[in-house]
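Work through the exercises below with the sequence and the model at hand. Try each task before reading its solution.

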Amino acid sequence: SKNKSSINEIKKELILLIKGFNEIGELNLSSSSTLNNSLHRKFSSIVKSLEIDKNEKDNLMFDLELELSKTNSNEINKKIQNIKRKISDLEVESNQFQNNLEFFSSSSSDNPLFKNVSTKIESIEKKIQFWRDKLKKIEQV
């Protein structure tokens, strides 16, 4: 779709900007992080203004943040730790719901509570997959 290609165009433009910024190198840590923050805010407002769904916005923002962090291994490691923590929290939550399902008899699939728990598990599994994809992206940096 036209929308998809324009998102990719915008993404390419922004990533080129970031690459240019990264090539300037570390100025000094404080000015570098100040610049990073203002770039981040700028990108954030650009991405917010795009007429795309929330998921696409999140993905685009994530790619831009990743590009901004490329020159900073501490930042990258922090992101990896955060995502791993999110995944393990979600897995714990999923297991708790799975355990709850075991209290239902096999005939209870029509039970609203059962449906509710099943839906929650599905939603959590989607989130886990979402974060696993992000983790893969980061680990390729």
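**Exercise 1. Find the partner of K12 and describe the pair.**

Step 1. K12 forms a salt bridge with E9. A salt bridge is a side-chain nitrogen of Lys or Arg within 4 Å of a carboxyl oxygen of Asp or Glu. Here the closest N and O atoms are 3.6 Å apart.

Step 2. Note the setting. This is a predicted model, in which local features need pLDDT of at least 70 and side-chain atom pairs count only at pLDDT 80 or more, while totals for chains, interfaces and linings use all residues. Residues are numbered from 1 along each chain as its sequence is written, and side-chain values use heavy atoms, with hydrogens and water left out.

Step 3. Locate the pair. Both K12 and E9 lie in helix 1 (residues 2-23), 3 residues apart, about one turn of the helix. Helices are DSSP runs of H or I with at least four residues, numbered from the N terminus. An α-helix has 3.6 residues a turn, so residues three or four places apart point the same way.

Step 4. Check exposure. Buried means under 20% relative accessible area, exposed over 50%, and partly exposed in between (1.4 Å probe, protein chains only). K12 is exposed at 51%. E9 is partly exposed at 45%.

**Exercise 2. Describe helix 3, from its cap to its buried residues.**

Step 1. Take the length. Helix 3 covers residues 54-69, 16 residues in total. From first C-alpha to last it reaches 22 Å, close to the 22 Å expected at 1.5 Å a residue. The expected span is 1.5 Å times one less than the number of residues.

Step 2. Look at the start. D53 caps the N-terminal end of helix 3, with a side-chain oxygen 3.0 Å from the backbone nitrogen of N55.

Step 3. Find the salt bridge inside the helix. K54 pairs with D58, with closest N and O atoms 2.8 Å apart. The two are 4 residues apart in helix 3. K54 is exposed at 60%, whereas D58 is partly exposed at 29%.

Step 4. List buried residues of helix 3. Among them are L60, F62, D63 and L68.

**Exercise 3. Which residue meets R132 in a salt bridge?**

Step 1. The partner is E91, at 2.5 Å from N to O.

Step 2. R132 lies in helix 5 (residues 112-139) and E91 in helix 4 (residues 73-101), so the pair ties together parts 41 residues apart in sequence.

Step 3. R132 is partly exposed at 35%, and E91 is partly exposed at 29%.

Terms used:
A polar contact is a pair of N or O atoms within 3.5 Å; within protein, one must be able to donate a hydrogen and the other to accept it, and residues adjacent in sequence count only if both atoms are side-chain atoms.
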